[in-house]
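Here is a short report for a first look at a protein chain. Take a moment with the sequence and the model before reading on.

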Amino acid sequence: EEYQKACEATPWEELEHQSGLTRAQILKAAQVYSESDRTIFSWCLGISQHEHGVDTVREIVNVLLLRGNLGREGAGPCPIRGHSNVQGNRTCGIDHRPTEEFLNRLAEACGIDPPREEGLDTVRTIEAMHQGRVKVFIGMGGNFAMAAPDTPYTFEGLRQCELTAHVSTKLNRSHLVHGKKALILPCLGRTEKD
C-alpha cells in the first residue's frame, strides 16, 4: 500500500519526462506486464552504471515483486553482464585499480616499470575524452558507444578523440561514432574457425 501511494503521488508529467515515454506507451507496457503469466526483466550497463543505478534496479525488483515474478521458473531479474567477455577480463589481470603485488610481479616478469596510478573506469574515461585527456580509444569487442551511460554524452566524447580503433567480430553502432580518424580491425572470436 505504501508503494502504491508513492506511485500514485508521482505526476504523469514527471513519469513521462524521466522515462522518455508518453503516458500511452507507459500504460501499454503496464498492460502487457499485467497480462503476462511470467516475466523476466533484463538490463545491461546502461542501467547499472547510471548515478541512480542502484535505485533503478531496486525499482525493477519492486515491479517484479508486485506480480510474484521472483523465485519461480521463467520469471525474475536478469542483469546482463557478460557481453564481450567483460566478466572474463578480470581473469587476465586487466583492472583499472591493479594491486601493488600485481604491478610488482608484472614489473619482474616483463622487465618494465608499469604505471602505478589508477586507470579510468568507463564514466571517468568518457569525462576525460571531453576534457581532451583521452585522445585515443581502442575497443576490444563490445559496443562501447551504446553500452556506456548517457549515450549523447558518450557520442560527443568519442567524436573528440584523435583516433578510435575497434577490434571487432561484427559491425555495431560504435563503429559509426568515431574520432577524427577511425580504424575497424576485424577478427574472429575464440570459438570461430577461419
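How many Å apart do the C-alpha centres of domain 1 and domain 2 lie? They lie 39 Å apart. The model is a predicted one. Its chain is divided into domain 1 (1-79), domain 2 (86-119) and domain 3 (121-193).

**The nonpolar core**

The largest nonpolar core has 12 residues. Among them are Ile126, Met129, Phe137, Phe144, Ala145, Phe155, Leu158, Cys161 and Val177. Helix 7 (122-131), helix 8 (144-147) and helix 9 (151-159) each supply at least two residues of this core. Helix 7 gives the largest share, 3 residues.

Val177 belongs to this core. Setting aside neighbours within four places in sequence, Val177 is in contact with Ala145, Phe155, Leu158 and Arg159.

**Around Ser174**

Ser174 sits in the loop between strand 4 (163-168) and strand 5 (181-186). Its relative accessible area is 1%, under the 20% cut-off, so Ser174 counts as buried. The side chain of Ser174 makes a polar contact with the side chain of Asn143, at 2.7 Å. Residues up to four places away in sequence aside, Ser174 touches Asn143, Phe144, Ala145, Met146 and His166.

**Cysteines and accessibility**

The count of disulfides comes to 0.

| Residue | Relative accessibility | Class |
|---|---|---|
| Cys7 | 38% | partly exposed |
| Cys110 | 47% | partly exposed |
| Ser174 | 1% | buried |

Cys161, in contrast, is part of the largest nonpolar core.

Notes:
Residues numbered from 1 in each chain as written. Predicted model: local features only at pLDDT ≥ 70, side-chain atom pairs only at ≥ 80, totals over all residues. Heavy atoms only, no water. Domains from an automatic or database assignment. Helix = DSSP H or I, 4+ residues; strand = E, 2+ residues; numbered from the N terminus. Buried < 20%, exposed > 50% of the residue type's maximum accessible area, 1.4 Å probe, protein only. Polar contact = N/O pair within 3.5 Å; in protein donor to acceptor, adjacent residues only side chain to side chain. Contact = heavy atoms within 4.5 Å. Disulfide = S-S within 2.5 Å. Core = buried A, V, L, I, M, F, W, Y, C linked by side-chain atoms within 4.5 Å.
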